[in-house]
Amino acid sequence: MLMKSVEQNGVNKDVAGYCNDYQVLINYWIAMGWFNEAFPGDGPHLGMHYGYYPKDSQGIYNPLTPVQAVIEMNRQLMRRVGWEEDSDQADKLVLDAGSGIGGTAKYIATHHGARVEGITLSSVQIKIANFLAKRYGFSQKANFSLQDYNHTKFPNDHFDVYHASETLNYAVDKKDPLKEAMRTLKPGGRIVVGDGFLGRDPYNDGEKTIYKRWLDSWRIPNLARPGEFRNLMQEVGFEEITMDNVTENIWPISEYLRDKAESLSLPIKVINVLKGRPISELPGGALQWPIIENGIGVYYLFSATKPIK
């Protein structure tokens, strides 16, 4: 089992090492063209999360490229905190929990002018994010630091927006980061979360095996059900909660990740050999597809408001 232990603060202990080790895959993706396919006028997007594909009135997907879809997901998330595209939010401060190498921070800083504090458990990601912020001209608006989103160093009532894209699943107890979000948000501040959730329990041993292998491959300790997550948001005090099932909208990029998994198998095997892991470990991109295709995993966007005292 790859998810060997859990730190007392409630975050999977292997996550930081996983992010550092597999940063080489991000470099590999850059070489494969994942980051080089730029949204017109926007430059490399730097994001490493699922993309959003809108549908027209006839249910046909908008023919976006994967990079355009990732940027569209950023747009969808920020709309759920009330920020329309390219609206001026220069007076706002955003916490990006699980900021990776700065993709969302870049989008928020360049499209909205807001200031962003990005936090991650990966020291490698911090170095790359700060380098890229300078390279792409948003370092005046973004800062990245090594912090655990369950226990940050920020003061109470500090942020206007709390953003978490595909990161809260790494918390063993999903309530922990939500409590910290409530503490650090200003009264009236907004939280937005985009992540995978448990749509249904695996039916049989085959599904249970695939599900466990996928969780282990991405170092996810567990998935919450959407209704459970909504209840946790209510328990910590959030109001005006919205929850949107957008699984259909991430379907095309889920297929894309499945297809890319074969090209990623070689570098993953090399990493596994160097780290003493089983060579046969499959990339999460291959394992996530049957999880989503069969309804075990679903993708939701949540938003909510911290009440004004």
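1. How many of the 14 residues of α3 are buried? The count is 13, so α3 is largely enclosed by the rest of the structure. The helix covers residues 66-79. From first C-alpha to last it reaches 20 Å, close to the 20 Å expected at 1.5 Å a residue. Please keep in mind that this is a predicted model.

2. Overall make-up. The chain has 10 helices and 7 strands. Of its 309 residues, 56% count as buried. The accessible surface comes to about 13500 Å². Carbon and sulfur atoms account for 52% of that surface. Take the contacts between residues at least 6 apart in sequence: 78% of them join residues at least 24 apart.

3. The sheet. It is open and has 7 strands, in the order β3-β2-β1-β4-β5-β7-β6. The pairing is mixed. β3 (142-146) and β6 (239-245) are the edge strands, and each pairs on one side only. From one strand to the next, the twist averages 15°. As background, strands of a sheet pair through backbone hydrogen bonds, either parallel or antiparallel.

4. Two parallel pairs. β2 (residues 115-120) runs parallel to β3, and the two share 5 bridges. In this pair, glycine 118 stands opposite phenylalanine 144 of β3. β4 and β5 are also paired in the parallel sense, over 6 bridges. Here tyrosine 162 faces isoleucine 191 in β5.

5. β5 and its helix. β5 is mostly covered, with 11 of its 14 residues buried. Which helix lies across β1, β4 and β5? That is α6 (residues 175-184). The strands under it are β1 (93-97), β4 (159-165) and β5 (185-198). α6 runs at about 160° to β5.

6. The core. The largest nonpolar core has 73 residues. The largest share of this core, 7 residues, comes from α3. In general, nonpolar side chains of soluble globular proteins tend to be buried together. Which residues have the most contacts inside this core? They are Tyr162, Ile191, Trp214 and Phe238. Tyr162 and Ile191 are also the residues that stand opposite each other in the β4 and β5 pair.

7. Phenylalanine 238 in detail. Leave aside residues up to four places away in sequence. Phenylalanine 238 then touches Leu178, Ala181, Met182, Leu185, Ile191, Met233, Ala304, Thr305 and Lys306. One of these, Ile191, is itself listed with Phe238 among the core residues with the most contacts.

8. Backbone points to check. Two residues deserve a look here. Glutamate 166 has a positive phi of about 55°, although it is not a glycine. It sits in the loop between β4 and α6. Arginine 219 has a positive phi too, about 60°, and is likewise not a glycine. Its loop joins α7 (205-217) and α8 (226-236). Is arginine 219 buried or exposed? Arginine 219 is buried, with a relative accessible area of 0%.

9. Lysine 260. This residue is placed in helix α9 (residues 247-275). Its relative accessibility is 21%, so lysine 260 counts as partly exposed. The cut-off matters here, because buried means under 20%. How far apart in space are lysine 260 and alanine 286? They are 8.1 Å apart, C-alpha to C-alpha. In sequence, 26 residues separate them.

Definitions and conventions: Residues numbered from 1 in each chain as written. Predicted model: local features only at pLDDT ≥ 70, side-chain atom pairs only at ≥ 80, totals over all residues. Heavy atoms only, no water. Pairing = 2+ DSSP bridges. Helix = DSSP H or I, 4+ residues; strand = E, 2+ residues; numbered from the N terminus. Axes fitted to C-alpha atoms, helices over the stretch in contact; angles between N-to-C directions. Contact = heavy atoms within 4.5 Å. Expected span 1.5 Å × (residues − 1). Buried < 20%, exposed > 50% of the residue type's maximum accessible area, 1.4 Å probe, protein only. Core = buried A, V, L, I, M, F, W, Y, C linked by side-chain atoms within 4.5 Å. Areas by Shrake-Rupley, 256 points an atom, 1.4 Å probe, with all protein chains shown as cover.
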